[in-house]
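Have the coordinates open as you read.

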Amino acid sequence: MIIRNTRRFYGYLKKDFTLLVKRKKYMYLTFLLPFLVGILFLLMISPSNAKIKVGVCDFDNTDYSTKLIDGLSNSFDVELLTGENCALELVNSIKTRKRSLGIGIKEGFSEDINNLEQTNIVVYYDNTDIAFSNLISWKVDVSLNPYKTYILDKFNQELKSKVNSIRTNVDVALELSDNFNTINSRIRQIDSDLKKIEKMQTRFLIEPITTIQKPIYEGQSMSEVGIAFIFPILAMFIVLMLSSTSLIYDKKTHFTTRVKSSTSLFIYLISKIVFFVLLTILQFIIILILFLSFGAKYQYPFLDILSMLVLIGVINSLIGIIIGIISDSEGVALLFSLIISFPLMLLSGIFSPLQAMPIVAQFLAKILPLYHEINLVKSVLFFNAGISSAIVITALILFIITYYLVEKRVN
Amino acid sequence: MIKKGFFVINIMIQKIKGIFNNIHLKKPLFAHSVKYAYGDQQVLKNITLGIKEGKITSIIGKSGSGKSTFLKLIAGIISNKYDGKILIFGKSRFFKKSKLGFVSQDLAFIPDLSILDNIKICGLNYGISEERAVKKAKELMKLLRLEEKLEKKPTNLSGGQKVRLHIILSLLHNPRIIVMDEPFVGLDFSNRRLLWHFIESMKKSRKSIVLTSHLLTETQEHADKLVILKDGKIFFNGNLESLKNKLKIKFIFEVRFSYLSASNLKEIKKYCDYREIDILEKYQNFMMFGIRSTKTRSALINLLEKLKLIYQEVGFREPNLDEIFLKA
């Protein structure tokens with residue numbers, strides 16, 4: 001009895017292992033998924049040599065500000081901008097993702113320091129980039145530390161020189177007690193030095209320079225920007241899985257045979273895309289209602305929003321259909337969807353700031369569609385910047401590839 | 001003079017070509033020099049075949065002979081590049097797909113939707129209105145005796161009913177050419193009879209039917225034309241009588257031996273080669289011979305007696321298509 005049951009147990013186990021080996025796509029995907037996700041995760045958390053691109057507007061233009069820019073260059077890839085519209089140019093370059101950060105050094109920056117008063121610099125950043133926003137104040141503060149030490153050293157030296165000056169003046173005053181005018185002048189000098197020390201702020205001692213953070217999106221709350229991440233991720237997940245399994249279903253039920261025998265697959269493909277675009281629009285409406293009910297406020301450029309949803313729907317459904325073409329079962333299609341979704345999510349910049357990742361990870365992220373979909377939503381909903389032609393071209397190329405594959409590989 | 005002669009010959013050739021082309025234009029289906037390969041493997045080698053209106057053409061052949069591939073090419077299921085031409089009423093199949101109804105070997109319906117929804121969706125797929133599709137479906141259901149509630153799901157139908165529904169869904173657009181790939185698979189005798197009646201009724205309404213089947217005995221009763229594919233080529237194209245003549249098998253002679261030694265078998269084979277007798281089947285002590293005349297039978301019996309073999313004559317009769325097919 002025990003031997004028979006052991007044989008049965010072994011038989012069932014053997015069946016599953018043999019199937020895993022024979023169904024090669026299952027096997028590859030089972031091993032590929034942990035391998036791929038593991039590698040990407042390690043890339044994400046690896047220390048990065050990549051320098052964040054920073055634009056600096058120096059309105060002070062003194063030795064102090066130059067010294068500050070030199071200090072920043074150790075941590076960032078700094079580019080000095082000039083001109084009256086320097087700040088505006090900075091903001092626009094962040095919106096278009098040419099730079100990740102902007103720093104403005106105000107006029108009178110060095111005067112404040114000379115007067116031993118706390119001063120500040122303005123940091124422009126993309127507050128719609130959630131993970132990067134959380135990182136940036138820390139990153140700028142850390143980069144300013146050497147400069148702060150330099151300022152405090154300078155202050156310390158000045159303080160000592162002032163004390164020396166007071167001591168000298170007192171000594172001179174004692175020696176020249178017969179000359180009233182000289183004494184008077186020396187005492188005035190002492191008084192001036194003492195006034196300067198009296199005027200000194202505690203804040204200056206603690207923190208000679210503060211950063212004023214200027215988010216480029218002036219929304220009501222941070223929760224508003226979350227839609228730029230959650231919607232593309234959800235849309236991708238759902239549409240990828242539904243469109244890939246939908247094609248498998250049509251293949252399995254031989255509906256595609258019927259389509260091919262009666263018409264060209266072009267109409268079939270278009271109708272599938274339209275269906276998933278409509279699903280994408282529905283998902284957007286649901287998420288939008290949720291965000292609005294939590295107090296979010298957006299601008300509504302209707303045509304741009306529609307184009308954005310169409311593009312996201314088209315790209316996701318086409319990727320899903322390609323998965324459906326190369327998969328032979330719904331299980332394989334789901335695994336493929338996961339294989340694609342996981343890296344896309346890890347490299348989307350929602351969990352970890354892309355700017356802090358190694359260059360390889362940044363390159364990978366920028367060729368993957370989710371990164372562009374997130375930026376598309378941000379452009380349309382927050383910056384009113386319209387739609388880039390690159391994403392339209394991507395959708396077109398994807399369509400051509402998918403149509404070719406559908407014609408060749410379906411049936 | 002010679003030039004003039006060439007000129008006249010040229011005109012005649014053009015005229016003949018024109019007539020030839022017109023014949024093709026009139027034919028519902030015409031395949032000309034069709035070649036197709038799966039990778040390096042040549043599946044169809046230079047197939048030329050015309051299908052007449054209101055006739056049943058049966059394409060038969062062993063597994064892997066290229067029957068299904070040929071039908072799929074006709075129906076446009078295989079859209080990869082192929083050599084040659086496939087014309088439907090004289091035009092490329094791409095422009096005339098609506099004239100063709102393809103009944104695939106695999107049942108094609110949406111199992112999660114009701115029969116009615118399947119009918120409507122399939123009708124729309126063929127470019128006809130839902131109402132027209134339902135009307136046509138009811139008509140076909142009557143012919144195929146599928147009297148089920150339209151709200152039922154196809155998964156709740158029996159095997160035979162599923163096949164009938166599949167056929168109905170393939171013919172909703174009232175095509176003039178019906179291409180059926182193994183339509184009888186999995187059907188019991190009564191369902192097969194019903195389907196043959198249906199095919200005959202389609203033939204009466206001037207539809208051209210092309211089908212493949214392994215049930216050769218049934219096929220020979222109904223098909224107007226037999227096309228035998230062998231290794232991707234047309235081995236035979238005609239009716240049963242001309243096939244019998246071609247293969248020179250007039251009778252089937254079957255015997256069962258009590259014992260048949262290897263040396264005896266060798267002798268029989270040698271004799272059969274000499275007398276052009278076909279050994280159609282040999283299984284253990286059973287042998288089936290394809291012979292041309294009663295005289296050949298007597299000669300064969302003489303040989304068996306000469307070899308002192310103990311045997312029992314199982315049959316001596318006219319061959320059916322299955323048996324002829326053994327030689328092909």
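How far apart do the C-alpha centres of domain 1 of chain B and domain 2 of chain B lie? Keep in mind that this is a predicted model; in it, those two centres are 38 Å apart. The domain assignment runs domain 1 of chain B over 29–238 and domain 2 over 248–327. Where the two touch, domain 1 of chain B puts in five residues and domain 2 of chain B puts in four. On the domain 1 side, the top contributor is helix H7 (residues 216–222) of chain B, which supplies four residues. By class, that side of domain 1 of chain B holds two nonpolar and three polar residues, and no charged ones.

| Domain pair | Distance between C-alpha centres |
|---|---|
| Domain 1 and domain 2 of chain B | 38 Å |

In chain A, the contact between the domains draws eleven residues from domain 1 and 17 residues from domain 2. Helix H6 (residues 130–175) of chain A gives the most to the domain 1 side, with four residues. That side of domain 1 of chain A is made up of five nonpolar, three polar and three charged residues.

Now for the overall build of chain A. You'll find 16 helices and five strands in it. Its radius of gyration comes to 32 Å, whereas a compact globule of 411 residues would sit near 22 Å. Along the principal axes, the C-alpha trace of chain A spans about 120 × 65 × 35 Å. Of its 411 residues, 36% count as buried. As for contacts in chain A with a separation of 6 or more, 81% of them link residues 24 or more positions apart.

Helix H2 of chain A covers residues 24–45, 22 residues in total. From first C-alpha to last it reaches 32 Å, close to the 32 Å expected at 1.5 Å a residue. Still, H2(A) bends by about 30° at A:Leu32, and the proline A:Pro34 follows within four residues.

Finally, how do the chains meet? Chain B brings 17 residues to the contact and chain A brings 13. The chain B side counts ten nonpolar, five polar and two charged residues.

Technical notes. Residues are numbered from 1 along each chain as its sequence is written. Chains are lettered from A and ligands numbered from 1 in the order in which they are written. This is a predicted model: local features need pLDDT of at least 70, side-chain atom pairs count only at pLDDT 80 or more; totals for chains, interfaces and linings use all residues. Helices (H or I, at least four residues) and strands (E, at least two) are DSSP runs, numbered from the N terminus. The expected span of a helix is 1.5 Å times one less than its number of residues. The bend at a residue is the angle between axes fitted to the seven residues ending there and the seven starting there. The radius of gyration is taken over C-alpha atoms; the globule rule is 2.2 Å times the number of residues to the power 0.38. A residue is buried if 20 or more other C-beta atoms lie within 10 Å of its own, exposed if 12 or fewer, and partly exposed in between; C-beta atoms are placed from the backbone. Two residues are in contact if their C-beta atoms, placed from the backbone, lie within 7 Å. Ala, Val, Leu, Ile, Met, Phe, Trp, Tyr, Cys and Pro count as nonpolar, Asp, Glu, Lys and Arg as charged, and the others, Gly among them, as polar. Domain bounds come from an automatic or database domain assignment.
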